[in-house]
Amino acid sequence: MTVTTLTTEFGGRTLTIETGKLARLAGGSVTVQYGDTVLLGTANRADPRPGLDFFPLTIDFEERMYAAGKIPGGFFKREGRPTEKEVLTSRMIDRPLRPLFPKGYACETQVIGLLLSADLENDSDTLSIIGASTALLISDIPFEHAVAAVRVGYWDGACVINPATGDLKTKSKLNLLVAGTEEAI
């Protein structure tokens with residue numbers, strides 16, 4: 001499998017999407033990098049099961065402590081249950097993607113966003129939506145709409161695209177995550 005890289009300037013920083021390096025056995029896998037924040041997005045599906053009358057879509061976002069350079073110690077040596085941010089980010093990935101699958105599609109599908117590196121300046125939730133969408137697009141799963149996400153902040157009378165986390169907390173009057181396709185939000 002060849003390594004394919006797509007790079008663009010986005011919000012004053014470089015957004016890089018790369019496929020063919022990690023998780024090559026997955027149906028679709030990409031790494032998304034924005035600043036020094038790196039996320040691995042994967043998508044897989046199972047064979048169809050007869051008699052299934054709903055769409056079993058599982059979306060997980062996993063943010064490990066080592067991504068920020070922290071190693072848990074003391075009584076809790078391992079990662080525990082998902083944090084509130086992980087649960088909310090999984091829901092933010094699910095909401096724009098779920099309606100874009102074809103009607104009647106009922107194969108068990110799993111999408112995972114794994115945060116590999118966090119620079120604590122660029123939030124990973126927008127990258128996870130972009131990574132999940134791209135992984136679905138390059139897989140054999142019937143998903144034909146690219147979904148993009150952006151965080152919008154507002155200060156000094158202007159909207160700021162993908163502001164740094166510190167600026168978002170101290171300066172911004174608005175913290176809005178927008179996800180959508182080319183046709184609709």
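Predicted model: local features only at pLDDT ≥ 70, side-chain atom pairs only at ≥ 80, totals over all residues.
The structure holds five aromatic pairs, and a search of the whole structure finds ten salt bridges. Let's take the topics in turn, with the structure open beside you.

**Aromatic pairs**

- Start with F10 and Y34, an edge-to-face aromatic pair with 6.3 Å from centre to centre and 65 degrees between the planes.
- This pair links distant parts of the chain: F10 sits in strand β1 (residues 4-10) and Y34 in strand β3 (residues 28-34), 24 residues apart.
- F10 is partly exposed, as its relative accessible area is 26%, while Y34 counts as buried at 3% relative accessibility.
- The rings of F55 and F101 make a tilted pair, because their centres are 4.7 Å apart and their planes stand at 55 degrees.
- The pair of F55 and F101 also links distant parts of the chain, 46 residues apart. F55 is in the loop between β4 (37-45) and β5 (57-63), and F101 is in the loop between α1 (84-97) and β6 (109-117).
- F55 counts as buried at 17% relative accessibility, and F101 is buried with a relative accessible area of 7%.

**Salt bridges**

- D140 and R45 meet through their side chains in a salt bridge, at 3.5 Å from N to O.
- That bridge links distant parts of the chain, with D140 in the loop between α2 and β7 and R45 in strand β4, 95 residues apart.
- D140 counts as exposed at 53% relative accessibility, whereas R45 counts as partly exposed at 36%.
- E108 and R49 form another salt bridge between their side chains, at 4.0 Å from N to O.
- E108 lies in the loop between α1 and β6 and R49 in the loop between β4 and β5, so this bridge ties together parts that are 59 residues apart in sequence.
- Both partners fall in the middle range of accessibility: E108 counts as partly exposed at 38%, and R49 is partly exposed with a relative accessible area of 47%.
- The side chains of R151 and D123 also meet in a salt bridge, at 3.7 Å from N to O.
- Here R151 belongs to strand β7 and D123 to the loop between β6 and α2, and the pair links these distant parts of the chain, 28 residues apart.
- R151 counts as buried at 9% relative accessibility, and D123 counts as partly exposed at 29%.
- R151 and D123 are also part of a network of salt bridges that links them with K85 and D125.

**The surroundings of N122**

- N122 is found in the loop between β6 and α2 (125-138), and N122 counts as buried at 7% relative accessibility.
- A polar atom of the N122 side chain lies 3.2 Å from the backbone oxygen of Y34.
- The side chains of N122 and D119 are joined by a polar contact of 2.8 Å.
- Leaving aside neighbours within four places in sequence, N122 is in contact with R13, Y34, G35, D36, T37 and T165.

**Two positive phi angles**

- A23 has a positive phi of about 50 degrees, although A23 is not a glycine.
- A23 lies in the loop between β2 (13-19) and β3, and at 33% relative accessibility A23 counts as partly exposed.
- D156 is not a glycine either, yet D156 has a positive phi of about 55 degrees.
- You can find D156 in the loop between β7 (148-155) and β8 (158-161), where D156 counts as exposed at 75% relative accessibility.

**A nonpolar patch on the surface**

- Y154, L174 and L176 form a nonpolar patch on the surface, and together they have about 230 Å² of accessible area.
- One member, L174, is found in the loop between α3 (165-170) and β9 (175-180).
- L174 is partly exposed, with a relative accessible area of 33%.

Methods
Residues numbered from 1 in each chain as written. Heavy atoms only, no water. Patch = residues over 30% accessible without salt bridge, like charges linked within 9 Å, V, L, I, M, F, W, Y side chains within 5 Å. Areas by Shrake-Rupley, 256 points an atom, 1.4 Å probe, with all protein chains shown as cover. Helix = DSSP H or I, 4+ residues; strand = E, 2+ residues; numbered from the N terminus. Buried < 20%, exposed > 50% of the residue type's maximum accessible area, 1.4 Å probe, protein only. Phe/Tyr/Trp six-rings, centres within 6.5 Å; stacked < 30°, edge-to-face > 60°. Polar contact = N/O pair within 3.5 Å; in protein donor to acceptor, adjacent residues only side chain to side chain. Contact = heavy atoms within 4.5 Å.
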